[in-house]
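The following exercises are to be worked with the sequence and the structure at hand. Each task is followed by a solution in steps.

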Amino acid sequence: MKASNLGYRLGGVLIISVILALLSDAFLSASNLLNVLRQASLIFLLASGVTLVILAAGLDLSIGANVALSACLAATVIKLTGSIALGIVTGLSCGVVIGLVNGVLVTALRLPPFIATYGMLWVLHGITYWYMAGDTIYDFPPTFRALGSGYALGVPVPVYLMLGCLVAGGLFTRYTTYGHQIYAIGANTEVARLSGIPVRSRLNLVYTLSGAMAGLASVVYLARLNSAEADIGEPLMLPAIAAVLIGGTSLFGGIGSLSGTLVGALFLTLVLNGMNLLTIGANWQPLVTGVIVVAAAWVDIVARRRGEG
Amino acid sequence: MSAAREKRLPTPFLPGVAYLLAGLLVTFSVLAPGFASVPNLLNVGVQSSILLLLALPMTLIIMSEGLDLSMGAMLGLAGVTLATLLVDGTSLVFAAGAALAVGLLFGMANGWLIVSLGIPPFVATLGTLGIAQGLALVATDGQSVVGIGEQLPDLYASRWIGLPFSILVALVAYGVFHLLLYHTRFGTYVFAIGGHREALDLAGVRANLYHVAIYGVGGVMAGFAALVFTGRMNAGHPTAALGMEFDAIAAVIVGGTSFSRGDGWLPGTVLGVLAVGVLKNGLNVIAISSSLQVASIGLLVIAALLIDSLRGRR
């Protein structure tokens with residue numbers, strides 16, 4: 001993505017921040033801003049994996065359901081063994097396995113990505129509800145909870161995770177052959193294949209990474225909520241995809257960046273946080289997120305047409 | 001890719017879904033004694049009828065290489081509109097008209113976003129899913145709308161020529177869609193939009209108009225399904241129908257309609273709806289939790305797509 005584009009998007013974040021600061025006294029308080037960063041980091045963790053998939057002209061609709069199952073399994077393991085490390089490993093591995101299965105469905109079995117991951121969504125949804133049977137697993141050790149709700153040097157712990165993933169992901173997409181190949185596949189799969197890029201194995205990689213990021217997000221989310229229920233992943237899918245689109249990653253693949261997704265996650269969180277501060281009910285959230293998804297997709301199309309014309 | 005893959009196979013082919021349905025029927029008859037009784041099979045029909053109302057337009061949408069993820073949410077919003085008007089004492093006809101209008105509006109909006117703006121269908125309808133769901137939640141504050149009077153529940157409970165109302169509605173809807181798809185110009189264009197879009201444009205047909213209309217029909221049918229659903233629930237609920245679009249998509253895919261080349265078969269969709277209905281009901285009878293039923297339908301879709309792909313039809 002061109003730097004100027006990112007500039008416009010950052011401008012949008014600034015404008016909405018100024019509006020919120022004018023409308024609500026609570027907005028500019030340090031605790032609220034840190035809270036915004038904490039929320040944005042969760043959305044970013046999920047959205048960064050989706051960004052890679054969309055860059056390669058794929059789609060992953062299963063991330064929300066992935067988070068739910070991974071979090072519930074991680075919660076079970078922590079409760080059973082008392083080991084935080086084992087719980088984290090469980091959440092991450094569950095996410096990775098789901099991502100890998102998505103990859104196999106898309107590459108080896110050649111299912112359209114949106115329908116393969118949409119089917120996966122409902123398979124995971126069913127398994128999670130069956131497994132939890134209406135139960136809630138709650139109350140985890142404080143050291144685990146610190147992952148989601150703790151602070152280090154005055155900054156929420158998830159923010160460090162977000163920055164770590166941003167730097168690692170940025171280096172990966174920008175400076176490695178793998179990263180360049182992902183862009184190439186998204187820009188034109190056929191050309192990429194003919195140029196000798198191992199398309200299937202790279203696609204497997206991006207779906208697995210998306211699953212891994214969902215696994216990581218599930219651990220952080222679990223630590224923050226301090227409880228696991230079957231439905232915890234449901235409100236996450238739409239915001240994550242919205243963040244990717246607002247961040248300027250094109251739905252048609254090949255164009256976009258993780259830094260854009262970070263800006264998208266910030267923008268979306270500011271909007272949702274602002275609604276919260278202005279005491280607009282949570283019932284409005286799907287409506288607003290839906291409008292943002294459609295608007296962002298439309299902007300992508302217009303920009304694309306202008307680029308071609 | 002290969003020449004064989006490109007070759008068009010004739011539709012209708014001998015559908016795998018027929019074997020699947022027969023297999024499910026036999027399996028559950030053996031496993032569950034209560035399954036193969038007339039009241040239970042009638043129950044499957046009643047349960048499947050609302051699904052068919054959604055799966056019929058979904059067939060046209062998928063044939064046009066599209067998708068509508070917003071149908072369950074549209075049904076919810078139309079149902080809430082209907083129930084709210086009925087609670088206010090509006091006549092059933094007016095309230096029903098309003099529900100259909102809500103569906104039509106959202107369906108046309110889907111079509112406009114997808115056809116005129118060029119937004120990929122799954123993203124556009126994911127957005128309108130959020131919008132419709134949000135509107136329904138905001139309008140009802142997340143609560144069920146109860147006290148809709150006797151008229152609609154009575155209509156739902158009525159029997160016509162020995163058949164439950166909802167089955168009769170489903171049969172009529174099938175008849176209308178069959179005529180529409182196979183015996184009108186609109187139907188021919190539906191096949192062509194997924195298969196030979198260029199040819200339509202070259203022939204001077206306003207393909208975009210018909211393409212938008214396909215999604216409009218989807219919205220209207222979601223509104224129509226809301227009438228039956230609200231009658232059955234005796235209330236309007238903002239989120240009860242969420243996810244129903246997945247059953248509809250599953251039924252269409254299992255029924256042999258393909259995501260590409262305008263390859264669709266309406267009787268296959270009926271079989272697909274019945275397969276989904278039988279699977280859910282049968283798992284219910286042998287006491288498998290409803291959550292695993294959802295998962296099993298997910299697996300059913302993936303399996304159907306696999307078979308489709310192995311046959312080299314995609």
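**Exercise 1. Determine how many helices and strands chain B contains.**

Solution. Helices (H or I, at least four residues) and strands (E, at least two) are read as DSSP runs and numbered from the N terminus. Chain B then has 14 helices and two strands. The model is a predicted one, in which local features need pLDDT of at least 70, side-chain atom pairs count only at pLDDT 80 or more, and totals for chains, interfaces and linings use all residues. Residues are numbered from 1 along each chain as its sequence is written, and chains are lettered from A and ligands numbered from 1 in the order in which they are written.

**Exercise 2. Identify which elements of chain B give two or more residues to the side that touches chain A.**

Solution. Residues are in contact if their C-beta atoms, placed from the backbone, lie within 7 Å. By this criterion, 37 residues of chain B are in contact with 31 residues of chain A. α6(B) gives the most, with 14 residues. By class, this side of chain B has 24 nonpolar, 12 polar and one charged residues. Here Ala, Val, Leu, Ile, Met, Phe, Trp, Tyr, Cys and Pro count as nonpolar, Asp, Glu, Lys and Arg as charged, and the others, Gly among them, as polar.

**Exercise 3. Explain why α3(B) and α12(B) are described as oblique to each other.**

Solution. Axes are lines fitted to C-alpha atoms, for helices over the stretch in contact, and angles run from 0 to 180 degrees between N-to-C directions. The axes of α3 (residues 38–63) and α12 (residues 244–254) of chain B come within 8 Å and cross at roughly 60 degrees. Angles under 35 degrees count as roughly parallel, over 145 as roughly antiparallel, 65 to 115 as roughly perpendicular and the rest as oblique. α3(B) and α12(B) are therefore oblique to each other. Among the residues that meet are Leu51(B) and Leu54(B) in α3(B), and Met244(B) and Glu245(B) in α12(B). The residues of this contact divide into 10 nonpolar, one polar and two charged.

Notes:
Two residues are in contact if their C-beta atoms, placed from the backbone, lie within 7 Å.
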